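Morning, everyone. Please look at the model on the screen, and then I will take you through some helix packing and the ligand shell.

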Amino acid sequence: MTAHALTIEGLRVEAIHPHGRTALVDGVSLTLHAGEVLALVGASGSGKSMTCAACLDVLPPGTRRVAGSVAIDGNVRTAFELRGRQVASILQNPRTAFNPVRSMREHVGESLRAIGRRGADARAEVTQAMRDAGLDDPERVLGLFPFEMSGGMLQRMMIALALVSRAPFIFADEPTTDLDLIVQREILDLLDRLKGERGLGILLVTHDMGVVARLADRVAVMEHGRIIETGGVMEIFHAPQHAVTRSLVAAHLSLYGLEDVA
Ligand SMILES: Nc1ncnc2c1ncn2[C@@H]1O[C@H](COP(=O)(O)OP(=O)(O)OP(=O)(O)O)[C@@H](O)[C@H]1O
């Protein structure tokens, strides 16, 4: 069944420390539609990564989700039901996501087992997903270990695994930050193409407004754990309402020596 929308409602994450609790994500509500890239932007520490981690129940120790729900097409789902089945993750540093002593073939096997798939069909789908992700010689790549691959190749492999999972939504947390500029652009082009071809809904966490301009359809801006502004990408760049959004846009434009258009 195709999913149309992932809805986060009233998400709250707290850090627990000896003197009490601090809200890190404070009542976040968002809807991610199939076939769109929703960029989640904001200053470092504003709660972007925590929002994604809380949805999938992969929060770091010392923090916990205390409220909120995630629904697919109106049906509330547990993090276990979402993780890897409805939502695939692409991380900033793909190297940390792969076991250094396992080949790509072993990683693929593990991913297929996790979603209960096997056999020739599944293997053919892996080969196709790898090609779709820009890995032209799948057989050779399957034999490689992480240390034999560049960051760009590993990111493509993560994307291929996301495709194999058939999850309709992807959480991509700073997916290009650790890559050189040429590979960054290739990965952004790839995500854009997959969004169109496969109708994926992508929640893109980034602090790079250049990436937002290239890829996003809509933008949600976070500050201190809250969403302070959402809008279409053109609105956000041309008529930002909130001071934080204006400064993000202004910083981006000044980086390229452009006038403030707001
Ligand atoms: N393990 C932790 N325990 C307590 N607080 C944490 C922990 N990890 C992160 N935080 C805090 O949670 C808040 C939100 O962090 P988060 O990583 O979500 O921000 P972010 O917007 O993704 O930032 P960045 O762009 O730097 O990744 C920050 O104030 C951060 O210091």
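Axes here are lines fitted to C-alpha atoms, for helices over the stretch in contact, and angles run from 0 to 180 degrees between N-to-C directions. Helices (H or I, at least four residues) and strands (E, at least two) are DSSP runs, numbered from the N terminus.

Now the ground rules. This is a predicted model: local features need pLDDT of at least 70, side-chain atom pairs count only at pLDDT 80 or more, and totals for chains, interfaces and linings use all residues. Residue numbers start from 1 along each chain as its sequence is written.

First pair. Helix α5 (residues 119–132) packs on α7 at about 135 degrees, and their axes are 8 Å apart. That angle makes α5 oblique to α7. The cut-offs: under 35 degrees is roughly parallel, over 145 roughly antiparallel, 65 to 115 roughly perpendicular, and the rest oblique. From α5, the contact takes Glu125, Val126, Ala129, Met130 and Asp132; from α7, Ala160, Leu163 and Val164. Contact means C-beta atoms, placed from the backbone, within 7 Å. By class, that is six nonpolar, no polar and two charged residues. Ala, Val, Leu, Ile, Met, Phe, Trp, Tyr, Cys and Pro count as nonpolar, Asp, Glu, Lys and Arg as charged, and the others, Gly among them, as polar.

Next pair. At what angle do α7 and α8 pack? About 10 degrees, with axes 10 Å apart; α7 covers residues 151–164 and α8 residues 181–198. The two are therefore roughly parallel to each other. Gly152, Gln155 and Ile159 of α7 meet Val183, Glu186, Ile187 and Leu190 of α8. This contact has four nonpolar, two polar and one charged residues.

Now the ligand. There are 14 residues around the ligand, and Ser44, Lys48, Ser49, Met50 and Pro60 come nearest. Around means that the C-beta atom, placed from the backbone, lies within 6 Å of the molecule. Helix α1 (residues 48–56) gives the most to this shell, with three residues. The shell has four nonpolar, nine polar and one charged residues.

Key
Contact = placed C-beta atoms within 7 Å.
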